[in-house]
Amino acid sequence: MAQAILTIDLGAIARNWRALAGLSGAAEAGAVVKADCYGLGAARVAPALAAAGARRFFVAEASEGVAIRQALGTGPEIYVFAGHMAGDAEIIAGADLIPLLNSPEQVARHRAALPGRPFGIQFDTGMNRLGIEEADWRALSSDIVAEGPRLLMSHLACADDPGHATNAAQLAAFRRMSDGLGLPRSLAATGGILLGAEYHFDITRPGIGLYGGAPFDNAEAVVRLSLPVIQIRNIPAGETVGYGNSWTAPAPSRIATLGAGYADGLIRAMTGKARVWHGTTPCPVAGRVSMDSMGVDITHLPDTPDTLDILCPAQGVDALATMAGTIGYEILTALGNRYRRDYTGGPV
Ligand SMILES: *Cc1c(COP(=O)(O)O)cnc(C)c1O
């Protein structure tokens, strides 16, 4: 078969959620399921997280929430980071979503379009990405608090760096804006959970750690990506491989052409840097990664494999990301839709 296979371990995702819930201490762990569960497939992954115990889910924008509601059915809360955007009222109400309102304009829009329907508030505490500014909150807070927001939240810009001074500054700002109000609060994503109890508040929002990525170093690996060998050829020293002739055989070489490329999220920046694996033996990428294929040097392998793995126990998402000059989040969310997705380890 020429199709590459992405195997997703739902049991590992469930165990990662439980581990992060444990690390969240007294706080309740939610689950961030935006971007189709970081590219791994919300229809299967979101129910596995619910079965593990998650009750509050977070998406980036409202239409994603519709897919999560379909996957989960009624019951779990689904929060929307982008808040209440113009034109979203129908799907917010229809899918029973909770927008995290980001500005005075969104507060006004929500009150006008969906009076009495649940909402939360997102604060900007220094990241300058999403959220109500402190001065605007001062002006609006007494009215909003009286309406009973479900959650007050903010997001840390530097949580993957525990020593960064911005963490404490954002924590202080979040407390200034939310202390004494008696409302549920959330500040920590995966990195924030690892910063310790003062960052946990009532609800944590792990994302990448559920899917096996840094900074949750104790995460269990979730994905394996096996690429089919389409063709193998022996070339003499001095011949080149791939577009632009960027790789030249230093000696007589055996080259395998694998059936996945940058259209599948195996980005061109992996050229000359990434490795694929035959069990515990690495094989370097030879030549430029193309749209649908890439060459690898298998001269040193004793046998002729049918597949080689680019994500596996020997090389996780962060290791591959580092080779390509990016982060595990980007490797996962870029994984294309040509893979056959096999789910193991469920139901959990
Ligand atoms: C993506 C996101 C998260 C999850 O972050 P991870 O680093 O993946 O754990 C939490 N909160 C907000 C606001 C986000 O945008």
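**Aromatic pairs and the ligand site**

Phe123, Trp137, Phe174 and Phe201 form a cluster linked by ring pairs. The model is a predicted one, and a search of the whole structure returns seven aromatic pairs.

- A pair of aromatic rings is described by how far apart the centres lie and by the angle between the planes.
- For Tyr38 and Tyr329 the ring centres are 6.3 Å apart and the planes stand at 35 degrees, so this pair is classed as tilted. An angle under 30 degrees would count as stacked and one over 60 as edge-to-face.
- Tyr38 belongs to helix α2 (residues 34–38) and Tyr329 to helix α11 (residues 328–334), so the pair ties together parts that are 291 residues apart in sequence.
- Tyr38 has a relative accessibility of 6% and counts as buried, because buried means under 20% relative accessible area.
- Tyr329, with a relative accessible area of 33%, is partly exposed, because that class lies between the 20% limit for buried and the 50% limit for exposed.

**The ligand and its surroundings**

- The ligand is located in the largest pocket.
- There are 14 residues around the ligand, and those that come nearest are Lys34, Tyr38, Thr190, Ile208 and Tyr329. Both members of the tilted pair, Tyr38 and Tyr329, are thus named among the nearest residues.
- A nitrogen atom of the ligand lies 3.3 Å from a polar side-chain atom of His155.
- An N or O atom in the side chain of Thr190 is 2.5 Å from an oxygen atom of the ligand.

- Thr190 is part of helix α9, which covers residues 190–195.
- With a relative accessible area of 2%, Thr190 is buried.

- Gln122 lies in strand β7, which covers residues 120–122.
- The relative accessibility of Gln122 is 4%, and the residue counts as buried.
- The Gln122 side chain reaches the backbone oxygen of Phe81 at 3.1 Å.
- The side chains of Gln122 and Asn102 make a polar contact at 3.0 Å.

**Overall architecture**

- The protein contains eleven helices and 19 strands.
- Along the principal axes, the C-alpha atoms fill a box of roughly 75 × 40 × 35 Å.
- The protein has 348 residues, of which 51% count as buried.

**Backbone geometry**

- Most residues other than glycine have a negative phi, and most peptide bonds are trans.
- The peptide bond from Ala214 to Pro215 is cis, with omega near 15 degrees.
- Pro215 is placed in the loop between β10 (203–204) and β11 (223–235).
- Asp36, although not a glycine, has a positive phi of about 55 degrees.
- Asp36 lies in helix α2 and counts as partly exposed at 41% relative accessibility.
- Tyr38, likewise found in helix α2, has a phi near 55 degrees, a positive value in a residue other than glycine.

- Leu20 lies in helix α1, which covers residues 10–23.
- At 0% relative accessibility, Leu20 counts as buried.
- Leu20 and Ala31 are eleven residues apart along the chain, and their C-alpha atoms are separated by 9.9 Å.

Technical notes. Residues are numbered from 1 along each chain as its sequence is written. This is a predicted model: local features need pLDDT of at least 70, side-chain atom pairs count only at pLDDT 80 or more; totals for chains, interfaces and linings use all residues. Side-chain values use heavy atoms; hydrogens and water are left out. Rings of Phe, Tyr and Trp (its six-membered ring) pair if their centres lie within 6.5 Å; planes under 30 degrees apart count as stacked, over 60 as edge-to-face and the rest as tilted. Helices (H or I, at least four residues) and strands (E, at least two) are DSSP runs, numbered from the N terminus. Buried means under 20% relative accessible area, exposed over 50%, partly exposed in between (1.4 Å probe, protein chains only). A residue is near a molecule or strand if one of its heavy atoms lies within 4 Å of it. A polar contact is a pair of N or O atoms within 3.5 Å; within protein, one must be able to donate a hydrogen and the other to accept it, and residues adjacent in sequence count only if both atoms are side-chain atoms. On a 1 Å grid over the protein atoms alone, a cavity is a set of points where a 1.4 Å probe fits but cannot get out, and a pocket is an open set with protein on both sides within 12 Å along at least five of seven lines; lining residues have an atom within 4 Å of a point. A molecule sits in a cavity or pocket if more than half of its atoms lie within 2 Å of its grid points.
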